[in-house]
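Colleague: I'd like to learn how you get from numbers to words when you describe a protein. Could you take me through one?

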Amino acid sequence: MSVTETLMNEHQLILNYIALMERATNHPDTAILLANSHHFIDFIHQFADNFHHAKEEDSLFRYLGVAGVLTHCNPIPQMLNEHSQARNFVQTMEDALLKNDVTGLVTAMQQYARLLKEHIFKEDNILYPMAERGLSDSAKTALLNEYADTEQRLNSAEIWQRYQHLYTELADSFS
Ligand SMILES: [Fe+2]
Ligand SMILES: [Fe+2]
């Protein structure tokens, strides 16, 4: 059984938004960027942070922190540090948006995009394979149950539908 497949699916939506965010920062009409950037910020808060990073921090990373699971190296502190840096970049985006500071907004969006792409690459190619190899079957079952609880508590179906719909709308705005 895979304990990282759903997380990798979530990465894919996050990467789609990041690609769109990068396109938005290059859009010639900054008024469109200013009018829509709160949608990117909302997605990052609700989907990337509350939903996805919560499942990693509250569940996966906790299981990987148990002695003996990660035998060669422990990338968890670095991953947590990158989540924290990502939250700081989003805060900078929000502050810039409040001041109508386009340059600050674009810079923070590009920094967030670069950080998250590298972060997701490391999780998909290093951390998640370590999790699949290192966790016992009983730990994987318990972890999947925790994900299910989180998904029910946060209404996973609704959150996916909302942000897939928003993605389509935003893609139209920046086409
Ligand atoms: Fe992460
Ligand atoms: Fe992740």
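Predicted model: local features only at pLDDT ≥ 70, side-chain atom pairs only at ≥ 80, totals over all residues.

Colleague: What makes a residue buried or exposed?

Modeller: A residue counts as buried if 20 or more other C-beta atoms lie within 10 Å of its own, and as exposed if 12 or fewer do.

Colleague: OK, so why is Asn 100 called exposed?

Modeller: Asn 100 has 10 other C-beta atoms within 10 Å, and the limit for exposed is 12 or fewer, so Asn 100 is exposed. You'll find Asn 100 in the loop between α3 (76-98) and α4 (102-134). Its phi is near 55 degrees, a positive value in a residue other than glycine. Asn 100 and Ala 31 are 69 residues apart in sequence, with 9.8 Å between their C-alpha atoms.

Colleague: And what makes Asn 155 exposed?

Modeller: Asn 155 has 12 other C-beta atoms within 10 Å. The cut-off says 12 or fewer, so Asn 155 counts as exposed. This residue sits in the loop between α5 and α6. Asn 155 also has a positive phi, about 55 degrees, although it is not a glycine.

Colleague: How do you know that the radius of gyration agrees with a compact globule?

Modeller: For 175 residues, a compact globule would have a radius of gyration near 16 Å, and the protein has 17 Å, so the two agree. The C-alpha trace spans about 50 × 30 × 25 Å along its principal axes. As for contacts with a separation of 6 or more, 79% of them are between residues 24 or more positions apart.

Colleague: What makes a set of residues a nonpolar core?

Modeller: The members are buried nonpolar residues joined through C-beta atoms within 7 Å. The largest core here has 26 residues, and Tyr 17, Met 21, Phe 43, Met 93, Ala 108, Met 109 and Tyr 112 touch the most other members. At least two residues each come from α1 (5-25), α2 (30-64), α3, α4 and α6 (156-173). The largest share, 8 residues, is from α4. Leaving aside neighbours within four places in sequence, Met 21 is in contact with Phe 40, Met 109 and Ala 113. Another core lies apart from this one, with 10 residues, among them Val 3, Leu 7, Leu 64 and Ala 131.

Colleague: Last one: why is α2 called roughly antiparallel to α5?

Modeller: The axes of α2 and α5 (residues 137-153) come within 10 Å and cross at roughly 165 degrees. Angles over 145 count as roughly antiparallel, so that is what α2 is to α5. The crossing is right-handed. On the α2 side, the contact is made by Ala 54, Lys 55, Ser 59, Leu 60 and Tyr 63. On the α5 side are Ala 139, Leu 143, Glu 146, Tyr 147 and Thr 150.

How values were computed. Residues numbered from 1 in each chain as written. Chains lettered and ligands numbered in written order. Helix = DSSP H or I, 4+ residues; strand = E, 2+ residues; numbered from the N terminus. Rg over C-alpha atoms; globule rule 2.2 N^0.38 Å. Contact = placed C-beta atoms within 7 Å. Axes fitted to C-alpha atoms, helices over the stretch in contact; angles between N-to-C directions. Parallel < 35°, antiparallel > 145°, perpendicular 65-115°, else oblique. Left-handed = near helix turned anticlockwise from the far one by under 90°.
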